[in-house]
Amino acid sequence: MDIKDIQNLIKFVSKAEVSEVKYKTKDFEITIKTPLAGSDAVYAQPAVYHTAPQAAAPAPVAAVPAAAPVEKAEAASDDSKYVAIKSPMIGTFYRKPSPDKDVFVNVGDEITAGKVVCVIEAMKLFNQIDSEISGKIVKILVDDATPVEYDQPLFLVDPS
């Protein structure tokens, strides 16, 4: 079973509104659990896949000054003119091909469609992620060596 099959299985399970699905073959086993009606989310973890622990409970919300929402709204409208490069899979995001090499892209770099912008490790496989658009990298949204989810924005690109 390859990554595309796993992604399709996860999409199918989330749309089917079931709480748990187990898929087992001769040399592969995966369990996908989904949240139901207010229960805590449990994410699919193949037996050979390891990620950093994540907090299960949301952080408490602190009082925010009234000016903060206005600033956030202005920042969001500025970001609307940019195009996001999103993660095509669940895995660990890396900006470098290996620890002793330089990063693929930095803020301000011009990229073309097809240029490798990062690597995502999934189940011990390192998948190069290519840009689907040309433009200038405006913002890197994910820290190096951190877990990413399917369809999570990784970079903001100014296509103009």
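Met123 is buried in this predicted model, with a relative accessible area of 18%. The cut-off for "buried" is under 20% relative accessible area, so Met123 makes it into that class at 18%. Where does Met123 sit? Look in the loop between S6 and S7. Those two strands form a hairpin with two residues between them, and Met123 takes a positive phi there, near 55°. Met123 is a residue other than glycine with a positive phi value.

**Another positive phi**

Asp151 also deserves a look. Its phi is near 70°, again a positive value in a residue other than glycine. You'll find Asp151 in the loop between strand S9 (146–148) and S10. Is Asp151 buried or partly exposed? Asp151 is partly exposed, with a relative accessible area of 40%.

How many residues of S6 are buried? Seven of the seven are, so S6 is largely enclosed by the rest of the structure.

S6 has pairing partners to check out. Strands of a sheet pair through backbone hydrogen bonds, either parallel or antiparallel. With S7, the pairing of S6 is antiparallel and runs over six bridges. Strand S4 (residues 91–94) also pairs with S6 in the antiparallel sense, over three bridges.

Elsewhere, an open sheet of four strands goes in the order S3-S10-S8-S5, with antiparallel pairing. Its edge strands are S3 and strand S5 (110–111), each of which pairs on one side only. Inside that sheet, strand S8 (residues 135–140) and S10 run antiparallel and are joined by four bridges.

If you want to see who faces whom, here are some residues that stand opposite each other:

| Residue | Stands opposite |
|---|---|
| Cys118 | Ile129 in S7 |
| Val116 | Asp130 in S7 |
| Phe93 | Ile120 in S6 |
| Lys139 | Leu156 in S10 |

**Two nonpolar cores**

Some of those names come back when you look at the inside of the protein. The largest nonpolar core has 17 residues. Which of them have the most contacts inside it? They are Phe93, Ile111, Val117, Cys118, Ile120, Leu154 and Phe155. Strand S6 (116–122) and strand S10 (153–158) each supply at least two residues of this core, and S6 gives the most, with four.

There's also a second, separate core of seven residues, which includes Ile6, Leu9, Phe28 and Met123. So our opening residue, Met123, turns up here as a buried residue with 18% relative accessible area.

Leaving out residues up to four places away in sequence, Ile111 touches Ile85, Val105, Val117, Ser131, Ile133, Ser134, Gly135, Ile137 and Val157.

**The second largest pocket**

Next up is a pocket. The second largest pocket has a volume of about 170 Å³. Which residues line this pocket? The lining is made of Val83, Ala84, Ile85, Lys86, Ile129, Asp130, Glu132 and Ile133. Strand S3 (83–86) and strand S7 (125–130) are the elements that give two or more residues to that lining. S3 gives the most, with four residues. Sorted by class, the lining has five nonpolar, no polar and three charged residues.

Ile129 and Asp130 are part of the pocket lining, while Ile129 stands opposite Cys118 and Asp130 stands opposite Val116. Ile85 and Ile133 also belong to the lining, and both are touched by Ile111.

**Val21 and Thr31**

Val21 is found in strand S1 (residues 20–24), and Thr31 lies in strand S2 (residues 29–33). They are 10 residues apart along the chain, and their C-alpha atoms are separated by 5.7 Å.

How accessible are they? Val21 counts as partly exposed at 25% relative accessibility, and Thr31 counts as partly exposed at 21%.

What does Val21 touch? Not counting residues up to four places away in sequence, Val21 touches Val13, Ile30, Thr31 and Ile32. As for Ile10, it is 11 residues from Val21 in sequence, and the two are 9.5 Å apart in space, C-alpha to C-alpha.

Notes: Residues are numbered from 1 along each chain as its sequence is written. This is a predicted model: local features need pLDDT of at least 70, side-chain atom pairs count only at pLDDT 80 or more; totals for chains, interfaces and linings use all residues. Side-chain values use heavy atoms; hydrogens and water are left out. On a 1 Å grid over the protein atoms alone, a cavity is a set of points where a 1.4 Å probe fits but cannot get out, and a pocket is an open set with protein on both sides within 12 Å along at least five of seven lines; lining residues have an atom within 4 Å of a point. Grid points are joined across faces, edges and corners, and a volume is the space filled by probe spheres set on the points. Ala, Val, Leu, Ile, Met, Phe, Trp, Tyr, Cys and Pro count as nonpolar, Asp, Glu, Lys and Arg as charged, and the others, Gly among them, as polar. A nonpolar core is a set of buried Ala, Val, Leu, Ile, Met, Phe, Trp, Tyr and Cys residues joined through side-chain atoms within 4.5 Å. Buried means under 20% relative accessible area, exposed over 50%, partly exposed in between (1.4 Å probe, protein chains only). Contact means heavy atoms within 4.5 Å. Two strands pair if DSSP finds at least two bridges between them.
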